[in-house]
Amino acid sequence: MTGQQNVPTSNLPNLHRLKFLSRHSKRRWILTELDRLITTILVYVLPTNKFHARLKFLFLSGCLVSLYCDVYFTSTLPTYTGLFSKLLTPTTLNTVYDTITITIPETIIEYLPVLKSTINIDITPMLIAHAVYTIFMLWMIWSYKEAWSPSNDWENPSVVGKRRLKMRTDSLRWFTSPSSARSYACSISLSPPELTKDSVIDLDGDWMFQLFNDPEEAKLRVSTGLIGNNKEWTNITVPSNWQLSRPDLGDIPIYTNVKYPFPPTPPYVPKENPTGVYRKTFRLPASWKVTDGEEDVTVLFHGVSSAFYAFCNGSFVGYSQDSCLPVEFDLSGVLGRKNNRKKGKEREVTIEVVCIRWSDGSYLEDQDHWWLSGIHRKVEIIRKRKGQDIVDVRTQTDASGLVIVNVDVKPGSITRGVNVKMYQDIMTDTKGGYTKGPEVWRGETEYHDVNGVGGTVQIQGFVNKPALWTAETPTCYTI
């Protein structure tokens with residue numbers, strides 16, 4: 001680096017040449033400015049629904065302020081570089097500046113008094129400008145990251161569900177007697193009507209249906225009530241896929257082997273994204289006391305492809321994706337509201353589902369199969385006793401006769417006795433018919449939720465000479 005130098009004047013009378021002396025990489029400065037230019041252009045090139053107006057404003061503000069700081073630097077970086085060599089390391093100078101020449105019209109020289117042959121530098125303003133520059137660069141990076149993050153749930157890998165209840169075994173039901181529970185265990189149906197009529201409403205059958213090309217429009221219409229009772233509604237059978245049950249609507253099945261059915265730009269999916277809106281209205285039985293706050297009610301979707309929003313009486317109750325997992329949402333808060341307890345309307349319930357064909361989950365679910373969409377498995381309304389303590393049950397056995405039962409208990413449960421019984425019942429038909437077998441094992445314990453956070457109760461035991469399951473002798477036990 002050199003000491004004090006004069007600013008050379010070019011041969012052209014109306015131009016002054018200002019030279020910054022440093023050792024390295026003119027490319028670095030050029031790439032920095034090029035990156036800023038490209039980034040700014042991207043803000044306008046990308047679809048507007050990827051950016052919030054506030055983030056765009058912050059982003060552009062950061063660009064302008066950082067550009068101002070750059071101009072400030074370039075206008076104050078001294079030809080009197082000896083001072084810089086004492087205050088800043090050469091490495092710092094080299095990462096910011098390089099040997100470049102900036103030509104400035106003489107018409108603006110009078111507005112830049114710093115452009116003199118000899119300059120006395122006050123380093124404090126420059127350091128302040130550098131600090132401001134750094135802060136706004138970090139601000140830009142944050143805004144840039146937020147702007148690029150997907151604004152839609154179905155294109156956001158960090159969102160797989162909202163308000164979903166914890167996954168659990170599907171066999172948890174409210175039974176009026178141990179006998180009905182044992183009969184249910186011997187049935188191949190998830191909800192045999194003769195055994196669960198007091199605790200389950202089966203919503204399979206005809207639903208109202210509309211098909212949209214834009215999930216945002218469909219969601220907006222449902223959430224704001226704009227979808228109404230117009231003539232565009234048609235009927236569809238649940239469970240089914242709308243490509244097969246309603247081919248007249250124009251959305252067709254797609255088969256792929258190794259290719260995606262749309263241009264792969266994960267996690268994004270096409271904006272023209274077929275979206276089905278389902279609606280089902282039913283009435284709660286008079287024996288259900290959810291509107292009085294004495295019981296809980298949930299809705300259980302056993303399979304929806306590939307992502308969906310659920311609404312109850314116009315209120316949002318949850319979002320989920322994963323085409324083949326059961327999903328449960330709580331309806332108690334919606335059904336217990338005062339506006340749902342008016343005379344003549346206290347038992348009427350409307351379930352609406354916004355089902356989206358493509359989501360970021362489609363990238364993981366892609367395989368050698370037919371692409372089909374819709375509510376393709378059962379939908380049930382489940383009644384639960386208020387304060388039901390059992391959240392989930394898991395069992396583990398082995399050939400030696402060891403039995404391990406884990407019972408998850410919800411938070412806030414008071415001292416409870418947990419009893420487990422195992423029977424060797426014999427299934428006689430597929431509708432819950434069985435022959436009562438002997439009790440082969442019993443376990444019990446007490447649970448004390450001291451901290452009110454819930455937990456897991458584990459009970460272990462042994463069954464003497466267990467009858468092992470084989471394809472020829474499919475022996476099962478009832479717990």
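Two strands count as paired if DSSP finds at least two bridges between them. I kept that cut-off beside me today, since I am working on a predicted model.

**Entry 1: the sheet**

I began with strand 4 and looked up its link to strand 17, residues 379-385. I found 3 bridges joining the two, which run antiparallel, so by the cut-off of at least two bridges they pair. Across that pairing, I saw isoleucine 201 opposite isoleucine 381 of strand 17.

I noted an open sheet of 4 strands in the order 4-17-9-13, with antiparallel pairing. Strand 4 (200-202) and strand 13 (327-330) are at the edges; each has a single partner strand, so one side of each has no neighbour in the sheet. I also wrote down the twist, which averages 20° from one strand to the next.

**Entry 2: helix 8**

Which residues of helix 8 are buried? For this helix, residues 215-224, I listed Pro215, Ala218 and Val222. I then looked down the axis of helix 8 and found these buried residues within an arc of 65°, so they line one face of the helix. A reminder to myself: an α-helix has 3.6 residues a turn, so residues three or four places apart point the same way.

What do the buried residues of helix 8 pack against? I found strand 5 (205-212), strand 8 (275-283), strand 11 (307-312) and strand 14 (348-356).

**Entry 3: the two ends of helix 8**

At the start of helix 8, I picked out a side-chain oxygen of aspartate 214 that comes within 3.1 Å of the backbone nitrogen of glutamate 216. After the helix I reached glycine 225, with a positive phi near 80°.

Technical notes
Residues are numbered from 1 along each chain as its sequence is written. This is a predicted model: local features need pLDDT of at least 70, side-chain atom pairs count only at pLDDT 80 or more; totals for chains, interfaces and linings use all residues. Side-chain values use heavy atoms; hydrogens and water are left out. Axes are lines fitted to C-alpha atoms, for helices over the stretch in contact, and angles run from 0 to 180 degrees between N-to-C directions. Buried means under 20% relative accessible area, exposed over 50%, partly exposed in between (1.4 Å probe, protein chains only). The arc is that of the directions from the helix axis to the C-beta atoms. Contact means heavy atoms within 4.5 Å. A polar contact is a pair of N or O atoms within 3.5 Å; within protein, one must be able to donate a hydrogen and the other to accept it, and residues adjacent in sequence count only if both atoms are side-chain atoms.
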